Amino acid sequence: MSTVNSFVKDNVEYYQLYIACPICLREGRPSVPAYWHHSLDGYDMYIGDNGYYYCKECGYTAPIIEWAYICADCKKNGHEKAVKLDDLKHVGEALAISGMVNSTGAGLKWLARVTNALIQQCEE
Ligand SMILES: [Zn+2]
Ligand SMILES: [Zn+2]
């Protein structure tokens, strides 16, 4: 079992982000879970059950729908810049298949809260 950092801030439960690449999933490539880092400073990213990503180092936070992603396989497949999603179902898929629920101890209720927040962001 890996130990993943988690914390609660302002009643939001954050876990270190450990997911497959949503862009690779969208484009049909296999993707294994990995830790993600903030492109601006390289520090660990966290995901809160309010549907926001959060960089513990610099404090930057924003709704998940506003973020873009790029991984080594994205680059191999022609992406030069991080890719934004207009639909969060691939983030939901990444969360569901990546083991955050079990291996990080985040749990199904946490996943359900994140999923509800993602649905709301897509509807706004
Ligand atoms: Zn940062
Ligand atoms: Zn990718």
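Here is a tour that goes from the whole chain to a sheet, then to a single residue and a pair of helices.

Before you click, know that this is a predicted model: local features need pLDDT of at least 70, side-chain atom pairs count only at pLDDT 80 or more, and totals for chains, interfaces and linings use all residues. Residues are numbered from 1 along each chain as its sequence is written, while chains are lettered from A and ligands numbered from 1 in the order in which they are written.

**Stop 1: the whole chain**

Show everything as a cartoon. You'll find 5 helices and 9 strands; these are DSSP runs numbered from the N terminus, with helices being H or I of at least four residues and strands E of at least two. Follow the elements from the N terminus and they go β-β-β-α-β-β-β-β-β-α-β-α-α-α. The C-alpha trace spans about 40 × 30 × 30 Å along its principal axes.

How does the radius of gyration sit with that of a compact globule? For 124 residues a compact globule would come out near 14 Å, and the chain has 14 Å, so the two agree. (That radius is taken over C-alpha atoms, and the globule rule is 2.2 Å times the number of residues to the power 0.38.)

**Stop 2: the sheet**

Now select S1, S2, S5, S6 and S7. In that order, these 5 strands make an open sheet with antiparallel pairing; two strands pair if DSSP finds at least two bridges between them. At the edges are S1 (6-9) and S7 (61-63), each pairing on one side only. From one strand to the next, the twist averages 30°.

What holds such strands together? Strands of a sheet pair through backbone hydrogen bonds.

Zoom in on residues 12-16, which are strand S2: 4 bridges join S2 to S1. Ser6 has Tyr15 as its bridge partner, and Phe7 has Tyr14. Between S1 and S2 is a hairpin with 2 residues between the strands, where Asp10 takes a positive phi near 50°.

**Stop 3: Tyr52**

Click on Tyr52, in strand S6 (residues 52-55). Is Tyr52 buried or exposed? Tyr52 counts as buried because it has 20 C-beta neighbours inside 10 Å. (The cut-offs: buried means 20 or more other C-beta atoms within 10 Å of a residue's own, exposed means 12 or fewer, and partly exposed is in between, with C-beta atoms placed from the backbone.)

Leaving out residues up to four places away in sequence, Tyr52 touches Thr61, Ala62, Pro63 and Ile64; a contact means C-beta atoms, placed from the backbone, within 7 Å.

**Stop 4: two helices**

Finally, pick H3 (residues 89-97) and H5 (residues 107-123). Their axes are 10 Å apart and they pack at an angle of about 170°, with axes fitted to C-alpha atoms over the stretch in contact and angles running from 0 to 180 degrees between N-to-C directions. H3 and H5 are therefore roughly antiparallel, the label for angles over 145 degrees.

Show the side chains of Val91, Gly92 and Leu95 on H3, and of Leu111, Val114, Thr115 and Leu118 on H5: these residues make the contact.

Note on methods
Two residues are in contact if their C-beta atoms, placed from the backbone, lie within 7 Å. Angles under 35 degrees count as roughly parallel, over 145 as roughly antiparallel, 65 to 115 as roughly perpendicular and the rest as oblique.
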